[in-house]
Amino acid sequence: MSPSDDGEETLAALIEASRTPEGREGLSDVLDDTLFLLPASPSRLLLLRLRLLRNLLAGHELNQYAFIERCGPAAVAASVLSFPSLAPDVARAALQALGNAALAGEFHRNAVWEALFPEVLQEFAGLRDQGVLDPLCMVLDTCCGGEGGRGRLEELCHEELGLPILVQVVTTASQVGHKEEWLEWLLFKVCVEEQKFESLFYALCSTNDVEHTDSGEYNAKHVFLLGTLSRCLNSHPKEVTVSDGFAHDVFNLHKHAAETVNFTHRGTSPLPTGSPAIDVLGYTLQLLRDICAWESTSSDTQRPVDSLLQTGFVQRLLRYLGELEPPSTIRKSMAGGQGDNHPALENAKVCPYIGYRRDLIAVIANCLNGRKKVQDEIRQLGGIMLLLQQCVIDEDNPYLREWGLLAVKNLLEENEENQKEVSELEMQEPVITPEIANIGLKVEIDKETGRPKLVNTSDT
């Protein structure tokens with residue numbers, strides 16, 4: 001059988017035979033004929049021949065090398081773009097073939113990149129199709145990795161040549177979604193390792209965007225980008241590197257979002273809420289939580305949290321927390337049974353999404369871990385009692401109690417000054433705020449461990 005036959009059945013049989021390593025080994029001589037016939041292929045045969053190429057290039061070293069030697073990337077690009085409109089299934093097969101070739105090594109990655117960047121990649125990126133997006137991200141991420149990947153990554157981040165490709169990729173992903181992890185790794189390379197987060201974020205503020213947002217500044221593409229970066233950092237902390245620049249960009253964006261969000265309307269859903277400004281606020285906070293917990297695999301690398309702590313980071317977080325109304329269980333127990341109508345709550349802010357208070361506490365807890373300077377700063381800012389009040393259940397903030405207890409544990413651990421202040425709050429008695437006492441709970445210091453614990457007063 002030969003791909004020069006006109007019959008689709010012959011090509012289908014070749015595609016099936018090339019699915020296995022043994023089959024690809026037996027069809028290595030088919031590659032030349034397939035490449036030769038690509039330019040003159042009608043659309044249906046072009047699709048089948050691209051699928052055959054994809055299979056032939058899957059992990060077969062000789063085929064991958066022959067493909068590059070015979071200018072395969074350029075032939076594929078020219079054949080695909082020869083039609084008036086680019087069909088998604090054709091684009092998908094072409095990108096899969098190119099991705100399989102690029103996986104073979106630096107020689108192959110460079111050849112694929114030179115054939116595609118930037119014009120051909122822009123054409124592929126313009127297709128709003130999930131089936132095209134995943135292999136496109138595979139090609140981009142693969143080419144931007146390895147020995148010579150840094151130079152290609154810089155080209156991809158170029159304001160005029162590469163950034164429009166990334167904007168199209170994020171736009172498509174925010175509309176149709178993605179299934180594979182190539183996109184997450186690509187965006188993390190661009191935004192965190194290459195420190196182009198700010199450039200990409202503001203490039204997503206298209207003046208032609210038809211979306212109407214509550215802030216006029218943020219949109220669904222911003223939310224998607226932040227959510228993707230958050231998931232990647234949370235899921236793969238040991239496989240990525242977090243830069244100081246990225247940490248500061250996220251913190252600055254969070255501060256801006258906090259000035260934009262309306263804190264007078266209580267949120268009724270977790271992230272994403274559908275409100276771009278609130279989602280930006282929440283995802284930047286979750287990113288900060290994981291940035292503050294991130295540890296470099298290199299002992300001589302400064303952690304980005306240490307850089308953040310020099311910018312009034314903790315003071316701002318405590319301010320945000322102190323401006324909020326108390327947790328729901330404390331509000332319900334406030335004097336006179338007035339609950340949310342209590343005069344003291346008149347000017348208090350509310351959580352704009354379910355989990356906001358918990359996320360604030362989580363960032364503080366991670367900042368406190370093993371840092372006496374932060375422990376002392378919180379005491380000096382009068383924040384000890386504020387943190388103690390977070391050790392309760394809050395119906396608007398799942399796992400607040402657990403994060404609150406972790407924060408207090410980190411606050412008191414090996415810090416005699418903080419332990420002394422807690423113990424003196426009630427003349428050596430358990431620490432009981434009026435609100436916590438009214439709901440039958442108290443925070444006390446375990447005499448053996450020196451750590452705080454939450455106790456039900458009905459049991460003592």
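These are my notebook entries on a predicted model of one protein chain.

**Ground rules.** I number residues from 1 along each chain as its sequence is written, and side-chain values use heavy atoms, without hydrogens or water. As the model is predicted, local features need pLDDT of at least 70 and side-chain atom pairs count only at pLDDT 80 or more, while totals for chains, interfaces and linings use all residues.

**Overall look.** I found 26 helices and two strands in the protein chain. Both are DSSP runs numbered from the N terminus (helices H or I, at least four residues; strands E, at least two). The chain has 460 residues, and 54% of them count as buried. Buried means under 20% relative accessible area, with a 1.4 Å probe and protein chains only. I then looked at contacts (heavy atoms within 4.5 Å). Of those with a separation of 6 or more, 72% join residues 24 or more positions apart.

**Helix α7.** I checked the length of α7, residues 88–102. The expected span is 1.5 Å times one less than the number of residues. For 15 residues that gives 21 Å, and the end C-alpha atoms are 21 Å apart, so the two agree. Twelve of the 15 residues in α7 are buried. Among them are V90, L95, Q96, L98 and N100. The cover over these buried residues includes α4 (43–56), α6 (72–80), α8 (106–116) and α10 (130–143).

**Aromatic pairs.** My search of the whole structure gave nine aromatic pairs. Rings of Phe, Tyr and Trp (its six-membered ring) pair if their centres lie within 6.5 Å; planes under 30 degrees apart are stacked, over 60 edge-to-face, the rest tilted. F197 and F201 have ring centres 5.6 Å apart and planes at 40°, so I logged the pair as tilted. Both lie in helix α14 (residues 197–203), four residues apart, about one turn of the helix. F197 is buried because its relative accessibility is 2%. F201 is buried too, at 1%.

Next I took F251 and F313. Their ring centres are 4.8 Å apart and their planes are at 85°, so this pair is edge-to-face. F251 lies in α16 (residues 244–260) and F313 in α19 (residues 313–323), so the pair ties together parts 62 residues apart in sequence. Both F251 and F313 are buried.

I also noted a cluster: ring pairs link F197, F201, Y202, Y218 and F246.

**Charges over rings.** I counted a charge as over a ring if NZ of Lys or CZ of Arg is within 6 Å of the ring centre and within 35 degrees of the ring normal. The charged end of K255 sits over the F251 ring, 4.6 Å from its centre. K349 lies over the face of F263, 5.0 Å from the ring centre.

Notes. Buried < 20%, exposed > 50% of the residue type's maximum accessible area, 1.4 Å probe, protein only.
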